[in-house]
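Take a look at the structure shown here. This report walks through some of its contacts.

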Amino acid sequence: MNNERVYKMKISGVYPLYIQKVERKGRTKAEVDTVIQWLTGYDEHGLQSQIDRDVDFEAFFAEAPQINPNASKITGVICGVRVEEIEDSLMQKVRWLDKLVDELAKGKPMEKVLRSMQSL
């Protein structure tokens, strides 16, 4: 997939898809919000503001308060690519988010999804 196409995708369009994905597996919108906030540093209001402003992934990550220092512990395959081997910083952040939502949908405990020190 063309990176530019991904970067220009609106968070307001992808966010409901994340919620649908996890709700089909018995998880919640609040849990999706938790993983997004963990990764990006947005609080509840900041996340909702980004959705309401209809920003794309490029702006969403550029304006993120702080990418979690433990984000580098996110490993595995998403869309056929190992996330830890992605060289493009923005694409890696997008795929980290995809991976977190995917793990949530697969039923992984929240403390493991969030790379808590207790679970490492």
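The sections below cover a helix pair, one lysine and several salt bridges. The model is predicted.

## Two packed helices

Two packed helices are described by the angle between their axes and the distance between the axes. Helix 2 (residues 11–23) packs with helix 6 (residues 89–105) at about 25°, and their axes are 8 Å apart. Helix 2 is therefore roughly parallel to helix 6, since angles under 35 degrees count as such. The crossing of helix 2 and helix 6 is right-handed.

Helix 2 brings Y18, K21 and V22 to the contact. Helix 6 brings L97, D98, V101, D102, L104 and A105. By class, this contact of helix 2 with helix 6 has six nonpolar and three charged residues, but no polar ones.

## A lysine in helix 6

K99 sits in helix 6. K99 has a relative accessible area of 10%, so it is buried. Leaving out residues up to four places away in sequence, K99 touches I74, T75, G76, V77 and I78.

## Salt bridges

The whole structure holds eleven salt bridges. In one of them, K8 pairs with D56, with the closest N and O atoms 3.7 Å apart. The two lie 48 residues apart, so this pair links distant parts of the chain. K8 is partly exposed at 43% relative accessibility, whereas D56 is buried at 13%.

Helix 6 has its own pair. R95 bridges to D98, with the closest N and O atoms 2.7 Å apart. R95 and D98 are three residues apart in helix 6, so about one helical turn separates them. Both R95 and D98 are buried.

Conventions
Residues are numbered from 1 along each chain as its sequence is written. This is a predicted model: local features need pLDDT of at least 70, side-chain atom pairs count only at pLDDT 80 or more; totals for chains, interfaces and linings use all residues. Side-chain values use heavy atoms; hydrogens and water are left out. Axes are lines fitted to C-alpha atoms, for helices over the stretch in contact, and angles run from 0 to 180 degrees between N-to-C directions. Helices (H or I, at least four residues) and strands (E, at least two) are DSSP runs, numbered from the N terminus. Angles under 35 degrees count as roughly parallel, over 145 as roughly antiparallel, 65 to 115 as roughly perpendicular and the rest as oblique. A crossing is left-handed if the near helix is turned anticlockwise from the far one by less than a right angle, and right-handed if clockwise. Contact means heavy atoms within 4.5 Å. Ala, Val, Leu, Ile, Met, Phe, Trp, Tyr, Cys and Pro count as nonpolar, Asp, Glu, Lys and Arg as charged, and the others, Gly among them, as polar. Buried means under 20% relative accessible area, exposed over 50%, partly exposed in between (1.4 Å probe, protein chains only). A salt bridge is a side-chain nitrogen of Lys or Arg within 4 Å of a carboxyl oxygen of Asp or Glu.
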